[in-house]
Amino acid sequence: MTNTMFEAIAICNERQVKITGAPQTGKTEALLRRCTALLANNVAPEAILIETTSAQGALYLRDRLAALADAHLAQRVNITTAQDACLRVLDLPVARTFTGRNPRVLAPFEYNFLLEDLKTIGHPVRALRKMLTHFRRELADGVPVSEVALPGTEKETWDMAQRLLHFEGGMLSEEVASLCIEVLKDPVCRAEIQQFEYML
């Protein structure tokens, strides 16, 4: 990004700003400039949510923000990964009631146990991995968890996977955003969720 682009992002009037690009293209710098400009204009730090793609990115951004702005203010800005922001929403009592799910992503070993349990349907692990990849693509495309439409044995596998996930008290990482979207669409749930004035 050029300095002109950085400045344009920093002073824009939008309350929601999404910055995309390849690694090392200045996304973090653009977020920092936007956030420091908001703080300089007396926006309450608690009113700002910054989402990053990784936990490491969130830590780096917080450290840089503390160096550029008042450290006390920087600590009060909400900086997290997109997935963690969704999990916070899903952990609210109203969201737990709405989804009936425990907002905890399966650990890798639990995912492997899930595959072993699904083998009882009669599919080899390789076929199950392929099916779960298909389910993940559906969710990534924004299809609600409750509306994943699949034919025959794939539907049976998905239904069993959902029962096992409920029993294990967890969810696939790909379900997190989809379930969060469903919660945010519900007016009762939305009224209970913290609102941010600015989302970056």
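Helices (H or I, at least four residues) and strands (E, at least two) are DSSP runs, numbered from the N terminus. With that in hand, welcome to a predicted model, in which local features need pLDDT of at least 70 and side-chain atom pairs count only at pLDDT 80 or more, while totals for chains, interfaces and linings use all residues. Residues are numbered from 1 along each chain as its sequence is written, and side-chain values use heavy atoms, with hydrogens and water left out. The protein has 11 helices and 3 strands, and its C-alpha atoms fill a box of roughly 60 × 35 × 25 Å along the principal axes.

**The sheet and its helices**

- Along the sequence, the pattern reads α-α-β-α-α-β-α-α-α-α-α-α-α-β.
- The 3 strands form an open sheet in the order S2-S1-S3, with parallel pairing (two strands pair if DSSP finds at least two bridges between them).
- S2 and strand S3 (198-199) are the edge strands, each with a single partner, so one side of each has no neighbour in the sheet.
- S1 and S3 run parallel and are joined by 2 bridges; Leu49 stands opposite Met199 in S3.
- H2 packs on the sheet and touches S1 and S3 (contact means heavy atoms within 4.5 Å).
- The direction of H2 makes about 170° with that of S1, and H3 lies across S1 and S2, at about 160° to S2 (axes are lines fitted to C-alpha atoms, for helices over the stretch in contact, with angles from 0 to 180 degrees between N-to-C directions).

**The largest pocket**

- On a 1 Å grid over the protein atoms alone, a pocket is an open set of points where a 1.4 Å probe fits, with protein on both sides within 12 Å along at least five of seven lines; lining residues have an atom within 4 Å of a point.
- The largest pocket has a volume of about 1400 Å³, counted as the space filled by probe spheres set on the points, which are joined across faces, edges and corners.
- Its lining has 39 residues, and Glu51, Thr52, Thr80, Ala82 and Leu200 lie nearest the centre.
- Among the elements that each supply at least two lining residues are helix H2 (27-40), strand S1 (48-52), helix H3 (55-68) and strand S2 (78-81); H5 gives the most, with 5 residues.

**Salt bridges**

- The count is 8 salt bridges (a side-chain nitrogen of Lys or Arg within 4 Å of a carboxyl oxygen of Asp or Glu).
- Arg15 forms one with Glu197, with the closest N and O atoms 3.0 Å apart.
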